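Me: I am new to this structure and would like to learn how to read it step by step. Could you take me through its features, giving the general idea before each case?

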Amino acid sequence: MNYRWDWSVLIREPFVGWLWSGVLLTLAISLMSWAVAVTIGIVVGIARSAPSRTARLLAGIYIDVFRSVPPLVQLFLWYFVFPEVVPDSVGLWLKRDLPYPEIVTAVIAIGLFAGARVAEQVRAGIEAVGAPLLPAALATGLRPLQAFRLIALPLGLRAIVGPLTSEFLITIKLSSLSLTIGVLELTAQSRHVENYTFQGFEAFTFATIGYLVIGLCATGLMRLIDSRIGGAALRKAMA
Amino acid sequence: MSDFDWGVIARSSSFLAEGMLLSALLVFVATVGGLIVGFGLALMRLSTHRVISGPAAAYVTVMRSLPLVLVLFWFYFLMPLAIGRPVGSLTSALIAFVLFEAAFYCEIIRAGINSVRKGQSDAGLATGLRRWQVLRLIVMPQAMRAMGPLILNQIVIVFQDTSLVYVVSLHDFLTAASVIASRDGRATEMYSLVAVVYLVICLSITKAAEFYRRRRPS
C-alpha cells in the first residue's frame, strides 16, 4: 500500500478549522433535531395512547408513514418538494427569507423521522409502566385526565429514558444526511479535507473518533438522566 | 404549481426500474453477506475467551456508532488504496454495506441465540452431541423463531439505507429519480413517486413482520 501519512493536516489551517466547524454543526443539528424528535414523539405518543379512536388512528398513520419512508427521501421532500406544493407566498418565503434554509430543513426532516420512532417508545412506556397504575390512581379519587397527567404519563416517560438512548444515537448519525443538501457537518468536512489534501485516512479517522466521542457523551448523558430519575428501577418493578 | 406533469414517470420508467434493480441487488448482497459475517461475529462475541469476544465487540460498537455515509466514504476511499487499482463505487459500496450491516445482524443473531435457555444446550451436550451439532440442531432452530421478525425489520432498514449510495453517485432508485428530477425540472413528481414506492414496500414488510410475530407467540 502506497500511502504518504501526514497527520499534520489535522492541526494545520485551514483544515483544522473546517473539521471543528463540522463537529460544531453536527452537534448543533443533532441536538436541535433531538429536541424536535422528543417534542413530536411525546405529543404523538400521547395521542397514540389516547381514548379517542381518531387520535389513535392519526398518530398510528404518522408513525407508519414517517418510519417507512427513508430519511434521505424525507429530507429531499422537505427541501425540494415542500416549497413547491405550499401556497406561492409561503413557498417564496421558504426559498428566499428562511434563515439557514439547509440547516433548518435538515433539523425538521431528521426531527420528524426520529419523532416517529420516539413516539413508539413513548406509547410503549405508557402502556407498560403508566397504564397499569391507572386503576390505583383512579381509586385515590383522581379524575381520568388527572390520573393520566399526574401518574401514567410522568412514570411512563421516566421509564423510557434508557431505551431512548439508542434513538438519540440514531438521530446523531442521521445528522450526516444533511450533507446531501449542502450542510458542511462533520462527515462533509472530512470529505472536504480528503478532496483537498488526499489525506483520507487522517480526515476520516478524525470524523470516526468525533462520532465515537459524541456518541459516548450522548450515552453518558442519557445514563446520568436515567439514574437521576430512577428509570431502571421503574422498568424492573414493572417487568 | 398547477402544472404537474406525471407523464415524466412513464417516460422514465425503464431508467427508474434499473435503479430499483440496483437497490434490490444492494439489499440482497447486504443481507446475505451481512447475515454470514454477522453470524461469525455473533459466535465470536459469545465466546468465553476475551481475545476472541473483545475484538468482535469493539467492531460492532464502532460500526454501530458511525453514520453509514461516513462508512461509505471510508470504503470508497480505502478500497483503491488496499487493492492498488480503482475498483469503482459499486464494489466499494457493496463491501461497505456487508461490513456495516453485519454489525446490526450480529446483534440480532446474538440476541436470538441468547434467547434460547442455557439448559437446552447443556442437555444437548449431555446427550453426546458435539458443540457445533448442538448449535445447528438445537440452538439455531429455536433462535430462528425469535430472530425472524427482527431480521425482516432489519431488511426494511437495509432497504432504506441503500438510498444513501446517493453520496457515491451510484444509480439506485432514489438517485435515478433525482437524476431525472434535475434533468427535467420535475422534482415534485419524482420525489413524490419515490416516497410512495418506498412507503408501500417498507410498510408491507413491516406489517408482515408484525403479523408473523403476533401469530406465533414466543
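Reply: Let us begin with contact: two residues are in contact if their C-beta atoms, placed from the backbone, lie within 7 Å. This is a predicted model, in which local features need pLDDT of at least 70 and side-chain atom pairs count only at pLDDT 80 or more, while totals for chains, interfaces and linings use all residues. Residues are numbered from 1 along each chain as its sequence is written, and chains are lettered from A and ligands numbered from 1 in the order in which they are written.

Me: How many residues of chain B are in contact with chain A?

Reply: On the side of chain B there are 29 residues in contact with 32 residues of chain A. To say where they sit we need helices, which are DSSP runs of H or I with at least four residues, just as strands are runs of E with at least two, both numbered from the N terminus. Helix 3 (50–65), helix 4 (68–83) and helix 9 (187–215) of chain B each supply at least two residues of the side that touches chain A, and the largest share, 11 residues, comes from helix 9 of chain B.

Me: Which classes of residue make up the side of chain B that touches chain A?

Reply: The classes are set by residue type: Ala, Val, Leu, Ile, Met, Phe, Trp, Tyr, Cys and Pro count as nonpolar, Asp, Glu, Lys and Arg as charged, and the others, Gly among them, as polar. The side of chain B that touches chain A has 23 nonpolar, six polar and no charged residues.

Me: What does the secondary structure of chain B come to?

Reply: Chain B has nine helices and zero strands, and its C-alpha atoms fill a box of roughly 75 × 50 × 25 Å, taken along the principal axes. Among contacts in chain B between residues at least 6 apart in sequence, 72% join residues at least 24 apart.

Me: How many of the residues of chain B count as buried?

Reply: A residue is buried if 20 or more other C-beta atoms lie within 10 Å of its own, exposed if 12 or fewer, and partly exposed in between. By that rule, 39% of the 218 residues of chain B count as buried. One of them is B:Ile109, which counts as buried because it has 26 C-beta neighbours inside 10 Å, and which lies in helix 5 (residues 88–114) of chain B. Leaving aside neighbours within four places in sequence, B:Ile109 is in contact with B:Gly38, B:Phe39, B:Ala42 and B:Met147.

Me: Which residues have the most contacts inside the largest nonpolar core?

Reply: A nonpolar core is a set of buried Ala, Val, Leu, Ile, Met, Phe, Trp, Tyr and Cys residues joined through C-beta atoms within 7 Å. The largest one has 123 residues, and those with the most contacts inside it are A:Val73, B:Leu72, B:Ala177, B:Tyr191 and B:Val194. If neighbours within four places in sequence are left aside, B:Val194 is in contact with A:Val73, B:Phe173, B:Leu174 and B:Ala177.

Me: How do helix 1 and helix 9 of chain A pack?

Reply: Two packed helices are described by the angle between their axes and the distance between the axes. The axes are lines fitted to C-alpha atoms, for helices over the stretch in contact, and angles run from 0 to 180 degrees between N-to-C directions. Angles under 35 degrees count as roughly parallel, over 145 as roughly antiparallel, 65 to 115 as roughly perpendicular and the rest as oblique. Helix 1 of chain A and helix 9 (residues 186–197) of chain A pack at an angle of about 165°, with their axes 7 Å apart, and are therefore roughly antiparallel. By class, their contact has seven nonpolar, seven polar and no charged residues.

Me: At what angle do helix 1 and helix 5 of chain A cross?

Reply: The axes of helix 1 (residues 15–48) and helix 5 (residues 101–130) of chain A come within 5 Å and cross at roughly 40°, and these two helices are therefore oblique to each other. Their contact has 19 nonpolar, five polar and two charged residues.

Me: Where is A:Tyr100 found, and is A:Tyr100 buried or exposed?

Reply: A:Tyr100 is in the loop between helix 4 (88–96) and helix 5 of chain A, and is exposed, with 10 other C-beta atoms within 10 Å. Although A:Tyr100 is not a glycine, it has a positive phi of about 45°.
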